Amino acid sequence: MSVGSQTTSPAVSPVAAVEDLRVSFETQRGTVQALRSVSLEIAPGEIVALVGESGSGKSVLGMSLLGLVGSLRGAQVAGRVQVAGVDMLTNADSTRRLLRRELLGAVFQDPLTSLDPTMKIGRQLTERGVDKDRAIGNLTEAGVPDPRRRFFEFPHQLSGGLRQRASIAMALGTAPRTDGLTAVADARGFPKLIVADEPTTALDVSVQAQIVLLFDRLRREHGCSVLFVTHDLGVAASIADRIAVMYAGRVCELGSAADVLERPRHPYTRALLDARVSVEISRSAPIRGIEGSPPDPTSPPPGCAYAPRCPRAQPDCTTALPELTPAQADPTHRVACIDPLDADHHQETWSESPGRVLAAKSAPAGEPALELVDVTKTFAVGSGRLRRGGERVHAVSNVSLTVPAGGAVALVGESGCGKTTTLRLACGLMPADSGSVRWSVDAGRPQLIFQDAGSSLTPWLTIGAMLSEQLARQGVERHERRAQALELLAQVGLDERAAGAKPRELSGGQRQRAAIARALASKPHLLICDEPVSALDASLAIRVLDLLAELRAKLGVALLIVTHDLGVARHSADQVAVMYRGRIVERGSTDEIFDTPAHPYTQGLLAAIPTTEPGRLSPTLAGEPPSPIGEDHGCAFAPRCPYAQSVCAQLPALGELAIDHDVACHFAKQVAAGDAAPGTLESDDEAAKL
Amino acid sequence: MTRLVTGRLVAMVGVLLALTFVVYLVDAVIPANPVAASLGAGASHAQIIAREHQLGYDKPFYAQYWLFLGRLIHGNLGASLRTHNTVTSDLSNFAPATIELALLSGVLIAVLSLILGVWSASGIRGANLIRVLMTSLASAPTFFLGIVLILIFYSSLHLLPASGRTAGGQATGFVMIEDFFSGNLSGWFGALRHAIMPAVVIAVGPAVAIGRVLRGSLLEVMREDHVRTARSKGLSEFAVMLHHGLRNAATPVLAMAGLQMGLVLTGVIVVETVFAWPGLGLYASSALQYSDFPAIVGVTLVLGIAYVVINAAVDILQLVADPRLRDQ
């Protein structure tokens, strides 16, 4: 095969170059313009983060670099995409395929679905001509403990974090180079470029920090360039050399991580930074959401797509598309705005919007809206004939939790910690094995808000019909239902048009509002929210959290918010309970928990959350969340704990550390004070030795 | 895994026992008197009673069932009232022809459904044409399709024989298999020419049903994330379909195949009659005309066993195809 040879010196030529790339998709709704003239270069060994909200075109750009965009349904592509000097748009299928085999790696978002469930890990790793020894080497490289065993296992036998590591090992194992592409070949056979599409989004915070570290090491040791697609500015800050911010199919700001994060010039970048529901910010500080919503991708406005939402918009903004041009004196920092923010606008009041304080003031104490006392729930492992030797999943062990009337309690923890089971017990969806669950007398059942409103609303009913159905069950007369339905919609900030719409015709944020309106129909005293905003972009998340706070203040409804996102917990709750392997390990007022965390797990979790400080790699919590199978003897966190001593073999009780602050740790006082002695137990640090 | 397979096999034995009981029950309650039928219209009442006693027909029902099971275990199904041979020897004479036909049909089903499913899922041109063609073939009743094929390929084109089966296969009764392995290729080809029309008639319906499920399942699988991952590794579209598509698409396809086997087994009886194929189907349809219950019981049991065994095999194949089912 013939491939254009490099004319410039390989040292400076980019690994990937995208020029004026335009991608659109023919759909039933019209032509969706996914990318509208995007240009971007990635240098050898460079990590470029591509950030933006959903629908901004980030993933399409990733697929373009892989040469796969043309195969997507209804895709129309124009422009130029080169990887290692090879055109990834016009070349024959076979050429692009060869390039993927030999030079490219890809890691996708969901490790549960992006590995073939019917094929052993080893075979998936060796499929493109990598020999077994190298594949096992790559597993080790990616931090998979016991790689020789894992090589012969199926994906479902691995935890989420390990699966993502296996995916990364797979991306690392490119085929031995043939002569066609040797102009840029790396004799060791590592990929020149890894396209990582939200590789940490589906992972727990502690695992996310480990994976980010891993990418950083791979780049340092093997010089792999990475296109790191993410919606999380914190993750981008910790790993990227450069950041490209995308909005409505265009790059609106591009520059070094430090420039973009510390001296953002585009109002959208600034707004994204401000809209972070971050743990770093006190809950009494206002958070400024982004008003409005992104433009319809089938008919983007002629001018700047962000202008309709931009507080600085001028008449000129709506006439012509702003090009990406260097911000003064600094050619590497480019911004697509006719009136960019000043380089040091930190104190500048650049927006009229005062922002919102999401935390509502505490409501008067009364009878608790929800009281769990010493609740335990176990499940059999497997089912039916497959039941395995009497072992049980200890999902929830001796959990006591009170949600005061009108109060807001956040239950946080990583996957498998038992928070969802607790939620089900709390709303009476399943009975507890022991202990008691009480709601406030004659307040009716608590109502549930789910993570994905899209799938929790009946697709063929209009929002109005769904609300009427709920009202009918409350005994509301037929002729009053419509008025009451509109009233409910008004409470959640939706208007009459939403009543006539079916769920798919609404945006994600609107659907979540509609779901909340439905929950409010029975005038509950308690709303139980299961990851209420984790499917939403930051700007929408703020608005939903704000709505929940408003409902609390206006209607006095209490909230139990179950979330893995500590930022959401900090800004939406007065009380936080941290769960680990079925038990509450720390509980207290939100300020106590975030200001003086006293359980090593809480401290580790908080430390693992990425901040927007460029280049700051979060310290990782070793290991992964434990399996809940079998009874726990002793502190379940001890194997991952930096302070574990022999006494940790005994189960620590949840004891009072300060007023309104309980911790289940033998060394809570020392840990809180920051002078705990290093542990004397061998910790499970296979994953930590990165 | 071993435990799952063992469990499946134990369940299979249970189903087979139940089948013998139902077959025996039907045999026992049917109003026709096989003893009288076998002795002919001129037999006296006393002769019939004596014969009934001799055959154990006067014992209580459960005792008779017990005796029946005992005989069954020794391969003794009694004598056919029509051919006067033991049913076991009749079955072993007729079964090879049917097994051979069923195997050929199975191969055709596999090939046709794969072509249909993969072709139409990959959206290559001509997929719709082949689908329309196969669906219209499958929508005709088997006896009608059989007659049409005979009219075309025998009466008009003189390409294929209309009925029967070549002689040969002295050792086992499996003509095609014996000829093939003894190197008698012209004999093998002759046998194949006889078998091809009935096999096509049997295969076309199940192939369309399975192919359609395969198409839907494949289309779904090819949109999954792990297929995108496979493409990102630079595998060819063919390798992606073969290694990642088909196996993941297998579970519903196998379930459908198991269901279709029931149709194949009943289809055999009609098709063998149309093509005068000397197999169990032809044997059973003659037995039906004579109320030859020992023969009917024998054929029913053989087909029942075949059905149960095939479905157990399908279950086990599903475990092979999807490792997640093995250890949950």
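In what order do the eight strands of the open sheet of chain A stand?

**Before starting**

This is a predicted model, in which local features need pLDDT of at least 70 and side-chain atom pairs count only at pLDDT 80 or more, while totals for chains, interfaces and linings use all residues. Residues are numbered from 1 along each chain as its sequence is written, and chains are lettered from A and ligands numbered from 1 in the order in which they are written.

**Stop 1: chain A as a whole**

Select chain A. Its secondary structure comes to 21 helices and 23 strands; helices (H or I, at least four residues) and strands (E, at least two) are DSSP runs, numbered from the N terminus. The radius of gyration of chain A is 26 Å, close to the 26 Å that the globule rule gives for 690 residues, so the chain is as compact as a globular protein of that length. That radius is taken over C-alpha atoms, and the globule rule is 2.2 Å times the number of residues to the power 0.38. Along the principal axes, the C-alpha trace of chain A spans about 80 × 65 × 55 Å.

Of the 690 residues of chain A, 53% count as buried. A residue is buried if 20 or more other C-beta atoms lie within 10 Å of its own, exposed if 12 or fewer, and partly exposed in between, with C-beta atoms placed from the backbone.

**Stop 2: the eight-stranded sheet**

Now select the strands of the open sheet in chain A. Their order is β17-β18-β19-β15-β20-β21-β23-β22, and the pairing is mixed. Strands of a sheet pair through backbone hydrogen bonds, either parallel or antiparallel. Here, two strands pair if DSSP finds at least two bridges between them. At the edges stand β17 (447-449) and β22 (655-658) of chain A, each with a single partner strand, so one side of each is left without a neighbour in the sheet. From one strand to the next, the twist averages 25°; axes are lines fitted to C-alpha atoms, for helices over the stretch in contact, and angles run from 0 to 180 degrees between N-to-C directions.

Three bridges join β17(A) to strand β18 (residues 526-530) of chain A, and the two run parallel. Leu448(A) has Ile528(A) as its bridge partner in β18(A).

Next, select residues 558-563 of chain A, which form strand β19. Are the residues of β19(A) mostly covered or uncovered? The strand is mostly covered, with six of its six residues buried. In a regular strand the side chains alternate between the two faces of the sheet. In β19(A), Ala558(A), Leu560(A) and Val562(A) point one way, whereas Leu559(A), Ile561(A) and Thr563(A) point the other way. Five bridges join β18(A) to β19(A) in parallel, and Leu527(A) stands opposite Leu559(A). Strand β15 (residues 408-412) of chain A also pairs with β19(A) in the parallel sense, over five bridges; there, Ala410(A) has Ile561(A) as its bridge partner.

**Stop 3: a glycine in a loop**

Select Gly582(A), found in the loop between β20 (575-580) and β21 (583-589) of chain A. Gly582(A) counts as buried because 26 C-beta neighbours lie inside 10 Å. The C-alpha atoms of Gly582(A) and His394(A) are separated by 6.6 Å, although the two are 188 residues apart along the chain. Not counting residues up to four places away in sequence, Gly582(A) touches His394(A), Ala395(A), Val396(A), Ser397(A), Gly418(A) and Pro628(A). Two residues are in contact if their C-beta atoms, placed from the backbone, lie within 7 Å.

**Stop 4: helix α11 of chain A**

Select residues 419-426 of chain A, which form helix α11. Six of its eight residues are buried, among them Leu423(A), Leu425(A) and Ala426(A). Just after α11(A), Gly428(A) takes a positive phi of about 75°.

**Stop 5: chain B**

Select chain B, whose secondary structure comes to 14 helices and zero strands. Of its 328 residues, 36% count as buried. Its C-alpha atoms fill a box of roughly 85 × 55 × 40 Å, taken along the principal axes.

Finally, select helix α11 (residues 237-274) and helix α13 (residues 293-321) of chain B, whose axes come within 9 Å and cross at roughly 180°. That angle makes α11(B) roughly antiparallel to α13(B), a term for angles over 145 degrees. The contact includes Leu254(B) and Met261(B) of α11(B) and Ile310(B) and Val314(B) of α13(B).

Key
Parallel < 35°, antiparallel > 145°, perpendicular 65-115°, else oblique.
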